[in-house]
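Dear colleague,

Here is the structure I am handing over to you. My notes on it follow below.

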Amino acid sequence: WTWDTYKMKFKAPDNMRVEENDANSFQASNDVITLDIYPRKGENLSYDGMKNAIMDWADQESLRYQTYNSDGDKQPIYLDNINGYWGCAIDGKKNGFPASMLLLVDPDFPDISFYIWISYSDEYYHDAVAILKSFKPM
């Protein structure tokens, strides 16, 4: 998949239905996975700024999460290089379903932040992780 507006590529199941794809958001889902991407301009976030921003977003969305995720990583998890992006992530639950939040910044364009939400059925955990790890600048 590509989001040409922001020169971003990512992998997602072919059977996802695109519900919105414009400069304000990308939203797609199927019966087991929901993926939303929201860009914000002008934030120029440092790592501490990203950490605070993703924790604030988690609170706004009522995402329940533990201090440490299932892999034992302290949350928010710092990600120093995801295919050229850097950012942080939180794994948790909302309404009984697993969900993850990812906040990415392209170091070449630090004025744009990407807030990524993915929720999924328990048995699709590996698919969700593959999507989250696939984001790449074009």
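Strand S1 and strand S2 (residues 8-9) are paired in the antiparallel sense, over two bridges. Please keep in mind that this is a predicted model. In that pairing, tryptophan 3 has methionine 8 of S2 as its bridge partner. The two strands belong to an open sheet of three, in the order S1-S2-S10, with antiparallel pairing. Strand S1 (2-3) and strand S10 (136-137) stand at the edges with a single partner strand each, so one side of each has no neighbour in the sheet.

The other notes concern two residues in loops.

Glutamine 75 lies in the loop between helix H1 (47-60) and strand S6 (77-82). Is glutamine 75 buried or exposed? With a relative accessible area of 7%, glutamine 75 counts as buried, because the cut-off for buried is under 20%. Its side chain reaches the backbone nitrogen of aspartate 91 at 2.5 Å. Leaving aside residues up to four places away in sequence, glutamine 75 touches Tyr65, Gln66, Thr67, Tyr68, Asn69, Ala89, Ile90 and Asp91.

Leucine 45 sits in the loop between strand S5 (33-41) and H1. Leucine 45 is buried too, at a relative accessible area of 15%. Among the residues it touches, not counting those up to four places away in sequence, are Met50, Ala53, Trp86 and Leu103. Pro110, Ser113 and Tyr115 are also touched by leucine 45. Between leucine 45 and aspartate 111 there are 7.8 Å in space, C-alpha to C-alpha, although the two are 66 residues apart in sequence.

Regards

How values were computed:
Residues numbered from 1 in each chain as written. Predicted model: local features only at pLDDT ≥ 70, side-chain atom pairs only at ≥ 80, totals over all residues. Heavy atoms only, no water. Helix = DSSP H or I, 4+ residues; strand = E, 2+ residues; numbered from the N terminus. Buried < 20%, exposed > 50% of the residue type's maximum accessible area, 1.4 Å probe, protein only. Polar contact = N/O pair within 3.5 Å; in protein donor to acceptor, adjacent residues only side chain to side chain. Contact = heavy atoms within 4.5 Å. Pairing = 2+ DSSP bridges.
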